[in-house]
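Q: Hey, I've just opened this one and I'm new to it. Can you walk me through what's there?

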Amino acid sequence: MINFNPVSEASAPGKIILFGEHAVVYGRPAIAAPVSQIRATASVTYSSSNLCFLVAPDLGRLDRLEDLPEDNPFARAVWLVVEAANLWQPPGVTIRFHSQIPIASGMGSGAAIAAAIIRALAKHLNRPELQTNEMVSALTYEVEKIHHGTPSGIDNTVVAYEQPIYFVRQSPQNQIEPFKVAAPLRFVVADTGVRSSTKFAVGDVRRQYNKQPAKFAKIFDECGRIAQTARQAIEAGDVSKVGQLMTENHTWLQKMTVSSPELDKLVEVALQAGALGAKLSGAGRGGNMLALVTDDAMEAKVRTALQNAGAINILTTTLN
Ligand code: MEV
């Protein structure tokens with residue numbers, strides 16, 4: 001007799017990529033961190049109806065699991081747990097989810113919702129082995145494949161482990177290393193307001209790489225070298241070096257064609273306002289950028305400059 005929990009809840013954070021986006025898809029190192037103050041949450045409530053429903057109040061949706069198409073990422077998250085738990089049919093539950101993470105903005109909203117659903121359902125089923133960070137990350141990775149065909153694995157890893165990580169995509173096992181942050185790093189995160197598809201940006205970089213492999217391999221190498229050097233700088237507490245490397249990474253992302261006029265403008269105004277470094281974060285072409293600041297006065301100046309330049313959803317997150 002399986003002992004179900006009547007109501008199970010779980011959540012997962014948003015994320016930022018500090019260094020190495022896109023190049024990480026091609027095996028170069030990258031660094032990502034959770035943004036714990038904005039989260040996706042899921043709750044699973046037992047229902048005597050024997051039917052499984054997904055409810056997304058933000059999207060105004062209530063669907064029966066079996067009615068959702070195969071490529072629906074939220075339904076995929078549920079089916080993956082059903083399979084991993086060896087159930088012969090989905091449990092009779094209502095799964096509600098909600099996200100504070102802006103969608104299509106480079107902050108991992110899709111990965112966080114999937115991770116929250118997976119963890120909450122595994123809790124409901126009383127299956128601790130499906131609730132480990134490793135397992136939640138692996139199942140979320142399968143969902144991420146719907147968002148784009150060749151995810152590196154960094155987004156699912158950072159939202160499942162909820163700690164800053166140095167990540168290298170490799171077989172048979174990705175390199176996932178938490179690291180020491182010797183001096184706090186304060187990032188202002190600002191949204192261009194331009195929605196951007198990760199699938200499209202990643203696919204476009206792939207097309208360009210296939211056309212000009214040597215040029216793009218060199219760009220990826222530079223981004224990988226920057227991520228490696230940045231890890232040393234973070235571990236040594238060299239905050240101004242971290243800033244320099246962010247701005248340098250942005251110039252390589254521009255060469256990769258994943259920046260945009262809006263992102264470039266926000267990066268420029270943040271630097272002019274005194275930020276130690278700035279770059280786009282995530283898939284690019286829109287979405288978010290980061291600026292590194294050191295104190296309240298610098299933060300206030302950078303925030304005001306970003307706001308005046310049209311940024312929305314400005315928040316600050318500190319890595320300790
Ligand atoms: C998206 O957050 C990061 C990318 O590098 C894609 C990936 O790593 O899967 C653009």
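Predicted model: local features only at pLDDT ≥ 70, side-chain atom pairs only at ≥ 80, totals over all residues.

Q: Which atom of Ser152 lies 2.6 Å from an oxygen atom of the ligand, a side-chain or a backbone one?
A: A polar side-chain atom. With His22, by contrast, a backbone N or O atom lies 2.8 Å from a ligand oxygen.

Q: How much of the ligand does the protein bury?
A: The protein buries 98% of the 290 Å² that the ligand exposes when taken alone. The residues surrounding the ligand include Ile17, Glu21, His148, Pro151, Asp155 and Ala283.

Q: New topic. How many salt bridges are there?
A: The count comes to 19. One of them joins the side chains of Arg28 and Asp221, at 2.9 Å from N to O.

Q: Where do Arg28 and Asp221 lie?
A: Arg28 is in the loop between strands S1 and S2, while Asp221 is in helix H6, so the pair ties together parts that are 193 residues apart in sequence.

Q: And is Arg28 buried or exposed?
A: Arg28 is buried, because its relative accessible area is 18% and the cut-off for buried is under 20%. Asp221 is partly exposed, at 42%.

Q: What does Lys145 pair with?
A: Lys145 forms a salt bridge with Glu142, and their closest N and O atoms are 3.2 Å apart. Both residues lie in helix H3, 3 residues apart, which is about one turn of the helix.

Q: Which residues are linked with Arg186 in a network of salt bridges?
A: Asp296, Glu299 and Arg303 are linked with Arg186 in that network. The side chains of Arg186 and Asp296 meet at 2.9 Å, N to O. Arg186 lies in strand S8 and Asp296 in helix H9, so this pair ties together parts that are 110 residues apart in sequence.

Q: Last one: what does His250 touch?
A: Leaving out residues up to four places away in sequence, His250 touches Ser259, Asp264, Val267, Ala278, Lys279 and Leu280. The backbone nitrogen of Leu280 lies 3.1 Å from a polar atom of the His250 side chain. His250 is in helix H7 and is buried, at 3% relative accessible area.

How values were computed
Residues numbered from 1 in each chain as written. Heavy atoms only, no water. Helix = DSSP H or I, 4+ residues; strand = E, 2+ residues; numbered from the N terminus. Buried < 20%, exposed > 50% of the residue type's maximum accessible area, 1.4 Å probe, protein only. Polar contact = N/O pair within 3.5 Å; in protein donor to acceptor, adjacent residues only side chain to side chain. Contact = heavy atoms within 4.5 Å. Near = heavy atom within 4 Å. Areas by Shrake-Rupley, 256 points an atom, 1.4 Å probe, with all protein chains shown as cover. Salt bridge = Lys/Arg side-chain N within 4 Å of Asp/Glu carboxyl O.
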